[in-house]
Amino acid sequence: MSRKGKIITIILILIISFQISFTQEADAADAIANLVLKTNGGGVRPDYALFIVDYLRVIGIEVEIKVEEWSVFLGALTLTHDYDMGIVSISGGGDSPDMRSLYTEEGQMNIFGLDKAIPYGNQSEIMQATGVTITDLPARQQHYYDWQQLMMDKIIPMLPLYAQRMYVATWANTRGYEGRWGIDESLPYMEYDGYHEGQTSLSEFNIPGNNWGDLFPLFINDETEEIIWDFVSEPVIQYSPDLVPLTTGIIYNWVEVEEFHYKFYLRDNVYWNPSYNIAERDEGSNQLSTVPVEQLMKGLKSNETSDGYNKQVSAKDAVFTLLIWANNLLNEESQSYEWLSDLYVDPLDPLAFHLHIDGNPATPQNEHYVDFLLRMNVGFLPEFFLNSSRSDITYTDGGVECRGLYPEIVETPQWSNYSDSAFGCGKYMLDYSIKDSITILRRNPNWFGIGSIDGNFQDLDFDTINVHVIPNEIDQFNEFVEGKLDWCSLEKVRKWYYNPWDPIFNIQTFITDSMSFLFFNLQRPFIGGADNFIYLDYIGKETYTVGIAVRKAICYAINRDEMNQELHDGEYLVAHSVLYPFTAYYYYNDIIKYNYDLRTAFEWLGATGYLVPDIPIETYPCCTTPSPIKTTTASYLSIIVAFVSIVIVSLMTIRIHIRKTKRKMN
């Protein structure tokens, strides 16, 4: 290339660079809003955010993404609320349509800035309070359908994204595993039919997991912690995957004494596992059965220990467990237990207790709370070990007296030790745990022996459960196919390995009790704030406010189907409501849906007055056409700069050509 040709190239690059930079700055300046979207690192949520930025830029909204470490992000959600939007995933719920902890002004998980003052906010709270008292199931279902429609049409605190579809694999020689019931409830039915490739033992079951930090159920926030807790504990009330209460657990029967008053009965001869302290144990330690009594952990109440035979699980433990969950000094989500109006051990039977219900403490008369049995699906806690002998009296949200519980009890050595060395009355007992390596659990020889799937007596074929620390799911899968693991999740490996009918594996799939969503801060300008109270002056939309219209426009502008295809191979279920899709009976699938539709997005923006004035809505294609050109001031300037660039380069090229021609003529 000649020297002058190089000069032209450099000039062209500089002009184009200036054009791009100028266009980007002008676009940001011309945006109808500049918003902040926060989420936490890890997983796919930052990828969701990148897609959403591109989608919203099309309708004139610029979004700044801030990806934060979880503890920082949690501070934003609970304290600073310095975001316009955010992306989270929630899990572990979906067993009930009662989600007041998330969708009410006083809810501990209210990350939306919901309050009763915004239009339809008070109506939503009344409907939620009423819903928990309706005992006629079809009427209750319709009531929650109406509430979901109100939330997603007239309030719109979020755009639901996805419910995860879980794929799990076992080797074909593993019999009796039922994915919907989970590993814990399947274990009494599981056995090996011969060896699989790489397997060395028929008495062990190997699964992947993460390092865990806290096994106290109030503070569990990790899937591995939940799995281990399920192995060592038994629930107060047992439930099936179809959300049916079962009589196959430690509580085998209950009766309605009178309206709002129930009596529960526990099985006899169920005992607490030994109170082993595993903190100092490792692979070289002696067998658990040889641990001397004096090395067992001593309880807070009277320095008593459990050796596996001396401490019976009783009604006192059931009452204590529920009081802990209902006490707002100990449990941040105690609001879920405000229906509990009285709770006490039967004065004549230590294996029976009484429970009284008031579904709405704010009213003078008692009311029903339909989901009370679901709230009892929590693991038994040992009263002798965790309660104190102090005379302190605190109260639950429903006014039940709690003797011995006080705020500082969580700092006692017993509560701290229980977080590291939890023991229960479940199928397995903790033996030892090595960070970044493995957690070992041993079979409980005194487990009461009734399987939850069929209610028959069962035994446990596996002496040992090994939880291997393998955080990366690709690595988990590699270990699985090599035969080092007996169970594996396939959620993140289907993109490059998807042969579910391979005869050496058994693959099961189901929708999980989880949901991700884009949430709005209803207290921020543009997204909400004062615009929540300004009603539209637009025919057919007079019952909506400016804030609602903006949130609708954002929802319609986001192509969740495309995101699902790009990030999840189309395998996730696109959600449409504020309830988990897992809550199948109450989940309203015929609700208003915000399927990708740019024309409707611009229509709602146009109703607010935020639409760029020189572009009529009709010029924008609908949802089937990708990002249309946005003719803003920046776009006009970009066109002018591009035209000038072409003219300058053309003139310089002509000038050079003329000079070359003159030289040849001379």
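In what order do the 4 strands of the open sheet stand? They run β8-β19-β18-β17, with mixed pairing. (Strands are DSSP runs of E, at least two residues, and helices are runs of H or I, at least four, numbered from the N terminus; two strands pair if DSSP finds at least two bridges between them.) Select 204–209 and 428–434: these are β8 and β17, the edge strands, and each has a single partner, so one side of each is left without a neighbour in the sheet.

Before moving on, know that this is a predicted model, where local features need pLDDT of at least 70, side-chain atom pairs count only at pLDDT 80 or more, and totals for chains, interfaces and linings use all residues. Residues are numbered from 1 along each chain as its sequence is written, and side-chain values use heavy atoms, leaving out hydrogens and water.

Zoom in on methionine 429, and you'll find arginine 442 of β18 opposite.

Next, select 137–155 for α6 and 546–557 for α13; the two helices pack at about 100 degrees, with axes 8 Å apart. (Axes are lines fitted to C-alpha atoms, for helices over the stretch in contact, and angles run from 0 to 180 degrees between N-to-C directions.) That makes α6 roughly perpendicular to α13, a label for angles of 65 to 115 degrees. Show the side chains of Met152, Asp153, Lys154 and Ile155, which meet Ile548, Arg551 and Lys552 of α13; contact means heavy atoms within 4.5 Å.

Terms used: Angles under 35 degrees count as roughly parallel, over 145 as roughly antiparallel, 65 to 115 as roughly perpendicular and the rest as oblique.
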